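Thanks for making the time this morning.

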Amino acid sequence: CSYALHNSWIPKSPCIGIKLPECVPAERRPLSPEDTLALAGAVSGRNNVAIWLLAQTGCRWGEIFGLRVGNIDLEQMTIQIDQGLTRDPKGAPVLGRKGSRKARPRTLSVTPWLTTLLREHIGSLQGQEREAWLFPDSTGGPIRYSNWRRRIWLPALAMTGLDKLSPLPGPHDLRRLNATQLTAHGVDLRTLMNRMGHTTAKVA
């Protein structure tokens, strides 16, 4: 109605003076470390590695599935986040611009155990050049989130019984779990901000 009023399509907006009800966010049941173990056990192959990356780095889904082989330094046991997956006007997955708030550039250390998983995963890839996708689809291109959610995430929730929760957990809940675990282990707010890729302490 505001847009119609701005374009002089209507003389007055019928929404003026209407007070909207307060938006009460749904109460979420946080995922636990045991939930992570169950989810990782419900999937195999590259998706198992992806689940562990989401849980142990706290990265966003687009950051993990936007990784290329060259972003992984197995010797230094680090992951370089520089771009994340987004969607073009037609809905196809593409790399977003560098420096985006959805994929703030940063280097993350990972555990030796996760490094071993990554080494084995990279060794299984057909394309291992630096610009090859770390998690390619069946054609070697980037993965579409809607497909991954339908084919991998939702069946994993069903297998673990987590599909009974409301609202339904998403990959971002693994990010929340990681932030909670870092805080519980005494990681300071500035380090947490930098690792999670948050812009302000308030967001963190």
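Predicted model: local features only at pLDDT ≥ 70, side-chain atom pairs only at ≥ 80, totals over all residues.

Let me start with a question: is W61 buried or exposed? W61 is buried, with a relative accessible area of 12%, where buried means under 20% relative accessible area, exposed over 50% and partly exposed in between, using a 1.4 Å probe and protein chains only. Residues are numbered from 1 along each chain as its sequence is written, and side-chain values use heavy atoms, with hydrogens and water left out.

Now the aromatic rings. A search of the whole structure finds eight aromatic pairs, where rings of Phe, Tyr and Trp (for Trp, the six-membered ring) pair if their centres lie within 6.5 Å, and planes under 30 degrees apart count as stacked, over 60 as edge-to-face and the rest as tilted. W61 and F65 make a stacked pair, at 4.4 Å centre to centre with 15° between the planes. F65 is itself buried, with a relative accessible area of 1%. The rings of F65 and F135 have centres 5.2 Å apart and planes at 45°, so this pair is tilted. That pair links distant parts of the chain, since F65 sits in the loop between helix 4 and strand 1 (72–73) and F135 in the loop between helix 5 and helix 6, 70 residues apart. Helices and strands here are DSSP runs numbered from the N terminus, helices being H or I with at least four residues and strands being E with at least two. W61, F65 and F135 also belong to one aromatic cluster together with Y145, W148 and W153.

From the rings I move to the core around them. If we take L53 as an example, and define contact as heavy atoms within 4.5 Å, then L53 touches G58, I64, I79, L114, L118, L134 and F135, not counting residues up to four places away in sequence. As general background, nonpolar side chains in soluble globular proteins tend to be buried together.

Next, helix 7. Helix 7 (residues 172–184) has 13 residues and reaches 19 Å from its first C-alpha to its last, close to the 18 Å expected at 1.5 Å a residue, that expectation being 1.5 Å times one less than the number of residues. The buried residues of helix 7 are D173, L174, R175, L177, N178, A179 and L182, and they pack against helix 2, helix 3, helix 4, strand 5 (106–109), helix 6 and helix 8 (189–196). After helix 7 comes G186, whose phi is positive, near 85°.

P33, which is found in helix 2 and is partly exposed at 39% relative accessibility, is in contact with L177 and Q181, leaving aside its neighbours within four places in sequence. H198, in the segment after helix 8, counts as buried at 16% relative accessibility, and a polar contact of 3.2 Å joins the side chains of H198 and R175. A polar contact is a pair of N or O atoms within 3.5 Å, where, within protein, one must be able to donate a hydrogen and the other to accept it, and residues adjacent in sequence count only if both atoms are side-chain atoms.

Finally, the whole chain. The chain contains eight helices and five strands, and buried residues make up 42% of its 204 residues. Among contacts between residues at least 6 apart in sequence, 60% join residues at least 24 apart.
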